[in-house]
Amino acid sequence: MDDLPMPPCAIEAELEILAACMLDKEAVPRAAAILRGDPSQVWYYRPYEILWRTLFDLWDEGESTDSVTVANLLRQRGQLDEAGGWEDVHNIGLRAVTAANIEHHAKIVANKARARRLIEIGLDLQRRGRADE
C-alpha cells in the first residue's frame, strides 16, 4: 500500500484560501460558493478543514475572521492543537496580502476534491467488479 501515489490535492491553494479568509472575512462566502459540499471531502489536509469550518462559522455569525479570533474559537472548541496550534494559525493569518485570487484557488481545491472522489468511485467499482472472483 505504501507505493500508492499521493491522492490529488493542492495544499498550497488550501493554505492561500485560509489566509485570504483571515485577511478579509468577505472572502469566506466567495470561497464557499465554490467549495460546496462536506468539508471533509473538499479539504485534503485535516487541520485546514478544521480551520475552514471555524472561519465559516465565524463569518456566518458575523464575527471577525482574523487569526486571534480563529485561534480563540478553536481553543474554546478544544481544536487548537488539532488545527496546528496557535503559531500555525497566526502564521497563516500573516501569509496573505490580498484575497483577490480566492476564487481561482478555490477552483483548484474543488477540482482536486472532485478528482479524489472520482478515484474513490473507480476503486469502489473495481472492488465490486472483483467481488465475485
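**Exercise 1. Find which side chain makes a polar contact with the side chain of Arg46.**

Solution. 
Step 1. Take the partner. The side chain of Arg46 makes a polar contact with the side chain of Glu82, at 3.2 Å. A polar contact is a pair of N or O atoms within 3.5 Å; within protein, one must be able to donate a hydrogen and the other to accept it, and residues adjacent in sequence count only if both atoms are side-chain atoms.

Step 2. Know what you are looking at. This is a predicted model, in which local features need pLDDT of at least 70 and side-chain atom pairs count only at pLDDT 80 or more, while totals for chains, interfaces and linings use all residues. Residues are numbered from 1 along each chain as its sequence is written, and side-chain values use heavy atoms, with hydrogens and water left out.

Step 3. Arg46 belongs to helix α4, residues 46-60. Helices (H or I, at least four residues) and strands (E, at least two) are DSSP runs, numbered from the N terminus.

Step 4. Arg46 has a relative accessible area of 38%, so it is partly exposed. The classes are: buried under 20% relative accessible area, exposed over 50%, partly exposed in between (1.4 Å probe, protein chains only).

Step 5. Compare sequence with space. Arg46 and Ala83 are 37 residues apart in sequence, yet their C-alpha atoms are 7.7 Å apart.

**Exercise 2. State how many salt bridges the whole structure has, then work through the pair Glu103 and Arg30.**

Solution. 
Step 1. Recall the idea. Side chains of opposite charge can pair when their charged atoms come close. The cut-off: a side-chain nitrogen of Lys or Arg within 4 Å of a carboxyl oxygen of Asp or Glu.

Step 2. Count. The search of the whole structure gives 10 salt bridges.

Step 3. Take the pair. Glu103 and Arg30 join their side chains in a salt bridge, 2.8 Å from N to O. Glu103 sits in helix α7 (residues 102-130) and Arg30 in helix α2 (residues 27-32), so the pair ties together parts that are 73 residues apart in sequence.

Step 4. Check both ends. Glu103 is partly exposed at 28%. Arg30 is partly exposed at 29%.

**Exercise 3. Work out where in the helices the pairs Arg53 with Glu49 and Arg117 with Glu120 lie.**

Solution. 
Step 1. Start with helix α4. Arg53 and Glu49 form a salt bridge of 2.9 Å, N to O. They are four residues apart in this helix, so about one helical turn separates them.

Step 2. Arg53 is partly exposed, at 33%, whereas Glu49 is buried, at 5%.

Step 3. Move to helix α7. Arg117 and Glu120 form a salt bridge, with the closest N and O atoms 3.2 Å apart. Both lie in helix α7, three residues apart, about one turn of the helix. Arg117 is partly exposed at 44%, and Glu120 is partly exposed at 37%.

Step 4. Widen the view. A network of salt bridges links Asp38, Arg46, Glu49, Arg53 and Glu82.

**Exercise 4. Find what the side chain of Arg116 reaches.**

Solution. 
Step 1. Locate Arg116. It is in helix α7.

Step 2. Look for a salt bridge. Arg116 is buried yet has none; the nearest side chain of opposite charge, Glu14, is 5.1 Å away. For charge, Lys and Arg count as positive and Asp and Glu as negative; His and the chain ends are not counted.

Step 3. Find the contact. The Arg116 side chain reaches the backbone oxygen of Gln41 at 3.3 Å.
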